[in-house]
Amino acid sequence: MCSCSAASWGAIESNAGVLQLALATAHTLRHPALAHWDTCLAFERLLLQSPLNNNLPQLRPNQDWKREKNTDQNWTGESRGRGWGRGPGGVAERCGPEELLVLLVYLYSLAGEAQPSHSEEEEEKVVEEVEGELIGALTLVLAKEAELSPLIQKLTGCAGPGELTMDVAHGVVERVFDILRGLALTRDHLKQLRSLYTASDGMHQASYRPLLRQVLELVLHPDRPESPDVEHMSGGLTDLLKTGFSMFMKVSRPHPSDHALLLLFLVGGVTPSELRLVREVVAAHKPGTQVLVLSTRLLRPSDITELLFTTQRLVPHIGV
């Protein structure tokens, strides 16, 4: 039996949110996979701070580190620690196949945003060479898995490691990289919101600006700037007439911030970090606005790779 007084229960009830966060933090710090998560986050930060066009060479497979040690006169213990996969503690060894897929998705979603350090032909040659090495390394990693996770089973179509031959693994990895190359082109049709990457200027580190943040900042900006990537879809005869007249005279278009309630629908899913981002952006730019976030599902990091690599594009499963 708990001997807490009524006042104590009142204090607990009023601070339930803080207690819940403290409990979640304690569970996270005690989780056995915490060091593994920290390693993956460190790799992600390093990918962001390095020039994006040079990131694929940083992910050079771990299997080559001994060969590089014997042939590279400048190979040292320090460079081995910095070069991912160029030493025993590289990304290919310290992260499993699922984490490698997540890092590759992150890398390809930012691909091509930095100024190339070589000519276009040289860049293509380097990327093609390193992609070939990565495909071979990931093929070997998949083929040597002692136990297949549910994601790898869906990805390969194999129920156990005995069915996952080198030929099957190679075909799967080739298909994964075809999807990744397409991922790098997903924002090419946009005019203003094409970039998610802000390069370092010497004073500030390079930063990642999610597309959701950029859209919300446009919508909630007090100057109500117009963007070619945020369109108002006309509906009804009145709106169609206004659209027609706007070709000959200046007609003010409806703006998402015209109303106190903003409905934000994210197709495909939303992550908890994106929900927090929405709250932070609204509080910083227009605190009086009520935002209702709707989506098809709540996403975990593993769901991203599953939806991207194992879902049929023409018949997608959106969790409804």
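The following questions and answers concern a predicted model and the criteria behind its descriptions.

In this predicted model, local features need pLDDT of at least 70 and side-chain atom pairs count only at pLDDT 80 or more, while totals for chains, interfaces and linings use all residues. Residues are numbered from 1 along each chain as its sequence is written, and side-chain values use heavy atoms, with hydrogens and water left out.

Q: What is the average pLDDT of the protein, and over which residues is the pLDDT below 50?
A: The average pLDDT (the predictor's confidence in each residue, from 0 to 100) is 76, and 73% of the residues score at least 70. Over residues 61-89 the pLDDT is below 50, although this stretch has 49 contacts in the model beyond near neighbours in sequence; a contact means heavy atoms within 4.5 Å. Where pLDDT is low, the predicted coordinates should not be read in detail.

Q: Why is Leu-263 called exposed?
A: Residues count as buried under 20% relative accessible area, as exposed over 50%, and as partly exposed in between (1.4 Å probe, protein chains only). Leu-263 has 55% relative accessibility and therefore counts as exposed. This residue lies in strand 3, where helices (H or I, at least four residues) and strands (E, at least two) are DSSP runs numbered from the N terminus.

Q: Which residues form the covered face of strand 3, and which the uncovered one?
A: The covered face consists of Leu-262, Leu-264 and Leu-266, and the uncovered face of Leu-261, Leu-263 and Phe-265.

Q: What makes the nonpolar surface patch?
A: Leu-261, Leu-263, Phe-265, Val-267, Leu-292 and Leu-294 make a patch of about 580 Å². Strand 3 (261-266) and strand 4 (290-295) each give two or more residues to this patch, and strand 3 gives the most, with 3 residues. Patch residues have over 30% relative accessible area and no salt bridge; like charges are joined within 9 Å, and nonpolar side chains (Val, Leu, Ile, Met, Phe, Trp, Tyr) within 5 Å.

Q: Why is helix 12 described as largely enclosed by the rest of the structure?
A: Of the 10 residues of helix 12 (residues 211-220), 7 are buried, so the helix is largely enclosed. Among them are Leu-216, Glu-217 and Leu-218. The buried residues of helix 12 pack against strand 3 and helix 14 (272-285).

Q: What makes the contact of Arg-209 with Glu-217 a salt bridge?
A: A salt bridge requires a side-chain nitrogen of Lys or Arg within 4 Å of a carboxyl oxygen of Asp or Glu. The closest N and O atoms of Arg-209 and Glu-217 are 2.6 Å apart. Glu-217 is buried because its relative accessible area is 18%, whereas Arg-209, at 27%, counts as partly exposed.

Q: Which salt bridge does Arg-213 form, and how far apart are the closest N and O atoms?
A: Arg-213 also forms a salt bridge with Glu-217, the closest N and O atoms being 3.9 Å apart. These two residues are 4 residues apart in helix 12, so about one helical turn separates them.

Q: Why is Asp-303 called buried?
A: Its relative accessible area is 2%, so Asp-303 is buried. Its salt-bridge partner is Arg-300, with the closest N and O atoms 3.3 Å apart; Arg-300, at 52% relative accessibility, counts as exposed.

How values were computed. Areas by Shrake-Rupley, 256 points an atom, 1.4 Å probe, with all protein chains shown as cover.
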